[in-house]
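Good morning, everyone, and thank you for making the time. Please have a look at the protein on the screen, and then I will take you through it part by part.

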Amino acid sequence: MIKVNGLSRYYGDFAAIKDLSFEIKNNQVVGFLGLNGAGKSTTLKILAGLLSPSGGSVQIHEKDLLTAPASFRKNIGYLPEDAPLYKDMTVSDFLTYLAKIRGYGVPPDNVQDRMKFVLDVCQLKGMEHRIIDELSLGYKKRVGIAQAIFHRPRLVILDEPISGLDPKQIVEMRQVIRKLTKDAIVLLSSHNLNEIAETCDQLMVLHQGELVAQGPTEQLLNKSAQTTFNVEATLISNEQNLEEVLNIPNLVLSCKLSNNGETTTAKLSLSSPPENLVAHLVQKGVGVRSITTSIGELEQLFLSLTQK
């Protein structure tokens, strides 16, 4: 378990974070969200043992950052956005080298057994003898996770682990991250809100250095359940005809039209899901080239919390 109480960090008179308090139970993936400048990076660096707080306390399985820093750091696995890899080494040589120089967590006689386990969890089997620089970005990210978990940490911090990955690699990375919860808490920072919603059990939202929301992902999303649906539609019809067609008091709350020649763009606020609008348009003989929702559930939650 992670316990954070009254955590603050000042740079002169500026409070990067102030009075953060939270607990995270074992075997969970926790999404850590915040706008640029919200204090997210500062908090992650403190939790990783790379930065001392100005006040407050941090404990991981009863190991305190300030009173027992060496024991505390043994419980941390950290992957920054730019993975710290020796790219001219093979995957297995790199991981073996790190196990030796770090000197904790894995006895020398157990390195190869741990290697097999880590390669399996990170889906790197068959890649152990490849030069790291020759791997795809997705595999390099997995090697970064492998080095972070080799010493059996209790907390794994992943900063933007899916940045730059294609959709297939993102799905594979999600599988890797979920496997990590068997032995550790995973703290995941990402700007990909949809992926956060798919991957995380809990969410924490920082704004201006303060924790403004924390709880189960589904519970927080339910709190922000949409009562209006913002959509943008590209329609094949003249603007004058659309003004009449879209005059639907019980469905269309607001409407802004702009003519683009052959098509008309409609920005709409609806009282019910857009499927009802599409059915109405088709019934009226209006061609629908495309229709997209402007904002998702997690985006709506995030904006509602960070625009206060």
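This is a predicted model: local features need pLDDT of at least 70, side-chain atom pairs count only at pLDDT 80 or more; totals for chains, interfaces and linings use all residues.

Along its principal axes, the C-alpha trace spans about 75 × 50 × 30 Å, and the chain contains 11 helices and 14 strands. The accessible surface comes to about 15,400 Å², and 46% of that surface belongs to carbon and sulfur atoms.

In what order do the strands of the open six-stranded sheet follow one another? The order is β6-β7-β8-β3-β9-β10, and the pairing is mixed. At the edges we find β6, residues 76-79, and β10, residues 210-216, each of which pairs on one side only. On average, and ignoring direction, neighbouring strands of this sheet are turned by 15° against each other.

Two helices pack on this sheet. Helix α1, residues 40-47, touches β3, β6, β7, β8 and β9, and its direction makes about 140° with that of β3. Helix α5, residues 137-149, touches β6 and β7, and its direction makes about 160° with that of β6. Within the sheet, β3, residues 29-34, and β8, residues 185-189, pair in the parallel sense over four bridges, and along this pair V29 stands opposite V186 in β8.

Next come some antiparallel strands. Strand β1, residues 2-11, is joined by five bridges to β4, residues 55-60, and the two run antiparallel, with N5 standing opposite S57 in β4. Strand β4 also pairs in the antiparallel sense with β5, residues 63-64, over two bridges, and the bridge partner of I60 is K63 in β5. Together β4 and β5 form a hairpin with two residues between them, and in the turn H61 has a positive phi of about 50°.

Finally, let us look at the surface, where Y86, Y97 and I101 form a nonpolar patch with about 290 Å² of accessible area together. Of these residues, Y86 is found in the loop between β6 and α3. Why does Y86 count as partly exposed? The reason is that its relative accessibility is 41%, and partly exposed covers the range between the limit for buried, under 20%, and the limit for exposed, over 50%.

Terms used
Residues are numbered from 1 along each chain as its sequence is written. Side-chain values use heavy atoms; hydrogens and water are left out. Two strands pair if DSSP finds at least two bridges between them. Axes are lines fitted to C-alpha atoms, for helices over the stretch in contact, and angles run from 0 to 180 degrees between N-to-C directions. Contact means heavy atoms within 4.5 Å. Patches are made of residues with over 30% relative accessible area and no salt bridge: like charges are joined within 9 Å, nonpolar side chains (Val, Leu, Ile, Met, Phe, Trp, Tyr) within 5 Å. Accessible areas come from the Shrake-Rupley method with a 1.4 Å probe; for residues, only the protein chains shown count as cover. A salt bridge is a side-chain nitrogen of Lys or Arg within 4 Å of a carboxyl oxygen of Asp or Glu. Buried means under 20% relative accessible area, exposed over 50%, partly exposed in between (1.4 Å probe, protein chains only).
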